[in-house]
Amino acid sequence: MGKVVMYSSVSVDGFIADENDQPGPLFDWLLSGDVPLDESGELKVSQASYDYTRAYWDQIGATIAGRHVFDLTDGWDGKPPSGIDHVVVVTHRPMPEGWDPEAPFHFVDGVEAAVAKAQELAGDRLVEVAAGDVGGQALAAGLVDEVRMDVVPVVFGAGKRFFGSVHAQHLLEDPDVVIQGGRVLHLRYRVRR
């Protein structure tokens, strides 16, 4: 089974979106470089960010997101983001009416079921869990192996927290990756067991 990684871009004060669910400048680093990150040509990052991010994206076999993010993005129009093979959506509601059942999206109830399904789909590849409420629930359940964050130099003051509503202490190891990109600091921590 592949590792489970909690991930997102985040403000220096720990938010993945403002109070209106808007990312503001959190993704500016994905548009401010010279090196194309994917085939679209829209995402351009610094060379350091490319080397780190492209290698990470290429390892992901499945992504887990909450229904809230799925709804905000309109289900990415049925195409998983960043070339990922599968998206597992944590939800208590059925798939949207009219949703293409052949799209590589899987709707499950609860984070434990989501991680199990994502690991089945990903095989030996990484399982990415979106930071926020779902990621925080997975961390609290002991299902996360590693935390990755792209820290952006902005202070939101309030908004959607990176770790969601986690109320207990969780120890991480010292960062084993620290890479400075253009307008972003890439960090990777292993979760202490």
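These legends go with several views of one predicted protein model. Residues are numbered from 1 along each chain as its sequence is written. Since the model is predicted, local features need pLDDT of at least 70 and side-chain atom pairs count only at pLDDT 80 or more, while totals for chains, interfaces and linings use all residues; side-chain values use heavy atoms, with hydrogens and water left out.

**View 1. The fold of the protein chain.** Here you have four helices and twelve strands (DSSP runs, numbered from the N terminus: helices are H or I with at least four residues, strands are E with at least two). The radius of gyration is 16 Å, close to the 16 Å from the globule rule for 193 residues, so the chain is as compact as a globular protein of that length (taken over C-alpha atoms; the rule is 2.2 Å times the number of residues to the power 0.38). The C-alpha trace spans about 40 × 40 × 35 Å along its principal axes.

View 2. Look for Leu26 in the loop between strand S2 (15-17) and strand S3 (35-36). Leu26 is buried, at a relative accessible area of 0% (buried means under 20%, with a 1.4 Å probe and protein chains only). Setting aside neighbours within four places in sequence, Leu26 is in contact with residues including Phe15, Ile16, Val152 and Phe156 (contact means heavy atoms within 4.5 Å).

**View 3. Leu26 and Val151.** These two residues sit 125 residues apart along the chain, yet their C-alpha atoms are separated by 8.3 Å. Across the protein chain, 66% of contacts between residues at least 6 apart in sequence join residues at least 24 apart.

Methods. Buried < 20%, exposed > 50% of the residue type's maximum accessible area, 1.4 Å probe, protein only.
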